[in-house]
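This report is meant for a reader meeting the structure for the first time. Please keep the sequence and the model in view while reading.

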Amino acid sequence: MSEYNNECRAIVMEYLLHYCYTDTVKILLKEMQQLDSCTNLIQKETGIHVDLVDIIDNTTSFDVSNLSSLEENSIKWDYIKARKDIYESVREGNIDKAFNLIEAHFPNLIRLYNTINRIESLSSPNKSLPKAHYILYKLRCQQFIETLRTLGDIAAIQFAQTHLRPCNKIYADLTNSVTTLIAYANLENDKTRDLLSQERRNLIADEINQVLLESQNFSSQTTLEKLWRQKTVTQVELDNQKRKESSQEQKETENTEKVPM
């Protein structure tokens, strides 16, 4: 059982750290440490080996390889808090704050983005670029939308000239899809609903979080989510197989009934 306990702990801890549930992580760490202390006491007093915590499978996204020694000061809380603040800023439409936080805590991403923008040879729309560059440009496009909504046309045009022009040929479709908003006197209409929706903000926030995780060599998808997807695929396959077997049995029954006595 200890092997399964270790794996379950690793999966839960990875998920909580992935989505920045810092308060829950801290509470869980204390509870696990108390449980481990009780376990060690039982072993010492009774001689019964109750091995609840050993080594976690190190294939998880976060380096929590030894829960028995994992403490609050062994986790890089600053990066987790930064990711959380960036995620929430994007969801709230405060893209200026999000970029400032990315530059402060993940400067390599900003340097990569700016370097690519300065290379004139990458102006070809067929050029393959890193995923992080595309997502950061998508965030810039969202910043254009938020600027247009809050500061108006002139400020949005000035923003586009500074931040969107370097990549407008590389990501022409994306650029055109947001800059066409300038043509609408009233932004709140059926044609612009998707671009101005909270769902769009949420989607970009998720994509930015994945890029930040990948920049630290962490998986963009948690083990729990992978397991759930695998479970879903397996369940669909089993249901299809059952339907095929049921259909086959029904056909065989019908053929048997048709045979004359």
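Residues are numbered from 1 along each chain as its sequence is written, and side-chain values use heavy atoms, with hydrogens and water left out.

**Overall make-up**

The protein chain has 10 helices and zero strands, where helices (H or I, at least four residues) and strands (E, at least two) are DSSP runs numbered from the N terminus. Of its 261 residues, 34% count as buried; buried means under 20% relative accessible area, exposed over 50%, and partly exposed in between, with a 1.4 Å probe and protein chains only. The chain exposes about 16,500 Å², of which carbon and sulfur atoms supply 51%, the areas coming from the Shrake-Rupley method with a 1.4 Å probe and, for residues, only the protein chains shown counting as cover. Among contacts (heavy atoms within 4.5 Å) with a separation of 6 or more, 67% join residues 24 or more positions apart.

**Confidence**

The average pLDDT, the predictor's confidence in each residue from 0 to 100, is 78 for the protein chain, and 75% of the residues score at least 70. Confidence is lowest in helix 2 (residues 22–46), at a mean of 63, and highest in helix 4 (residues 95–105), at 96. Over residues 41–70 pLDDT stays under 50. Where pLDDT is low, the predicted coordinates should not be read in detail.

**Charged side chains**

Side chains of opposite charge can pair when their charged atoms come close. A salt bridge is a side-chain nitrogen of Lys or Arg within 4 Å of a carboxyl oxygen of Asp or Glu, and by this rule the count comes to four; the table gives some of them.

| Pair | Closest N to O distance |
|---|---|
| Lysine 81 and aspartate 85 | 2.8 Å |

Arginine 201 counts as buried at 12% relative accessibility, and glutamate 146 counts as buried at 6%. Glutamate 214 in helix 9 and lysine 131 in helix 6 are 83 residues apart, and here glutamate 214 is partly exposed at 33%, as is lysine 131 at 41%. Lysine 81 and aspartate 85, by contrast, both lie in helix 3 (residues 77–92), four residues apart, about one turn of the helix.

Which side chain of opposite charge is nearest to arginine 200? Arginine 200 is found in helix 9 and is buried yet has no salt bridge, the nearest such side chain being glutamate 146, 7.4 Å away; in this count Lys and Arg are positive and Asp and Glu negative, with His and the chain ends not counted. Leaving aside neighbours within four places in sequence, the contacts of arginine 200 include Gln142, Ile145 and Asp194.

Key: This is a predicted model: local features need pLDDT of at least 70, side-chain atom pairs count only at pLDDT 80 or more; totals for chains, interfaces and linings use all residues.
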